[in-house]
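Open the structure in your viewer and keep the selection tool at hand. The stops below go from the whole chain to single residues.

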Amino acid sequence: MSQTQSVKMGTRRRRSEEEENSSSSDSEHGSITKTTISEGDTVVVSSSSSHYEHIREQRIKENAERMQKLGLLNLALKLKKTPTPRTYVRKIASPTTQPERRSSRSMPRSMRQHNSSSKGKREVRIYIAEGTKPEVYTEEHEKLLGDCETDWELYVDGYDEDGDRIYDPTKGDKCHQCRLITVSQTTSCNKCELPQGMICGDCLYTRYGENVTEADFNLKWTCPACREICNCTICRRRNGWMPTGNIYDKVRKLGFKSVAHYLIKTRRLEKNTEGSDSEIVAQETPEASPDSTLIRSVRTRRASRS
């Protein structure tokens, strides 16, 4: 035997002893290792279950036994069962003695119009707070009320294409009634020639029943302030009366041409035969009934669009 062969055999014995020692230590920790020796190389093939997995399996087994003792497994099986389908009981409405509700569309047209007109009359209520002084008018005030031959189209003059009002503090005029500075057409008083005589077309029509175009062509036209029938907020407070607010739609439903016509005709101070003044007339006396054709129609841009 040569010296090289004896050296190889010695190394192989040394490796085999080391592998036996390592396999014995792995078996103590619960792992098994197999080694295969070939000429010149050593191939290690291991299939093991570690110590951690062994402890985990023990814990799972203990937990299962504990759940079995507590009865949790049986409870879980009961919860997994499909629930029984619910039965729905249809309730039958009991007959009532209340009258059946009917839509107004099922009524005849004449009855429908009568109900709507009577309902509209009942709903029209105009409330103006009392001032420090009583608001009374005489026959002379009624004679000073204005009128117009042609209707005025509201929400057109001084408005843009979208229906919004055009404000211009530089080129516009300030309306004495609404206090807005717009490019609308305004009046000019031939008596006072003051800013109180400048009223825009919409305010002049809704508050006094006059047309601004006709007023501008009339050389004798005087403003409502000079006629002492102005119903703007400033003038009313100066006289000790409270503002009226926007009541034009309501006075139109009652049959009056404008707010001024409503105020003067419903607050007249009449004289009796003995010459003393009687009480203020409190009832509303419209110029014509709401169903009459004498009431002029108000043309607006919104109405023409619809």
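The tour takes the chain, then a pocket, then a cavity, then one histidine.

This is a predicted model, in which local features need pLDDT of at least 70, side-chain atom pairs count only at pLDDT 80 or more, and totals for chains, interfaces and linings use all residues. Residues are numbered from 1 along each chain as its sequence is written, and side-chain values use heavy atoms, with hydrogens and water left out.

**The whole chain**

Select everything and colour by secondary structure. The chain has 11 helices and six strands, taken as DSSP runs (helices H or I, at least four residues; strands E, at least two) numbered from the N terminus. Of its 306 residues, 25% are buried, meaning under 20% relative accessible area with a 1.4 Å probe, protein chains only. Among contacts in the chain with a separation of 6 or more, 61% are between residues 24 or more positions apart; a contact means heavy atoms within 4.5 Å.

**The largest pocket**

Next, show the largest pocket, which holds about 480 Å³ of space. Its lining has 23 residues, and those closest to its centre are Cys 203, Thr 206, Arg 207, Asn 246 and Tyr 248. Helix H6 (201-208), helix H8 (233-238) and helix H9 (248-253) are the elements that give two or more residues to this lining. H6 has the largest share, four residues.

On a 1 Å grid over the protein atoms alone, a pocket is an open set of points with protein on both sides within 12 Å along at least five of seven lines, a cavity is a set where a 1.4 Å probe fits but cannot get out, and lining residues have an atom within 4 Å of a point. Grid points are joined across faces, edges and corners, and a volume is the space filled by probe spheres set on the points.

**The cavity**

How many cavities of 30 Å³ or more does the structure hold? There is one. The largest cavity has a volume of about 40 Å³. To see its lining, select Tyr 137, Ile 229, Cys 230, Asn 231, Ala 260, Leu 263 and Ile 264.

**His 261**

Now select His 261, in helix H10 (residues 259-266). Is His 261 buried or exposed? His 261 counts as buried because its relative accessibility is 4%. Finally, show Gly 146, whose backbone oxygen lies 3.3 Å from a polar atom of the His 261 side chain.

Definitions and conventions: Buried < 20%, exposed > 50% of the residue type's maximum accessible area, 1.4 Å probe, protein only. Polar contact = N/O pair within 3.5 Å; in protein donor to acceptor, adjacent residues only side chain to side chain.
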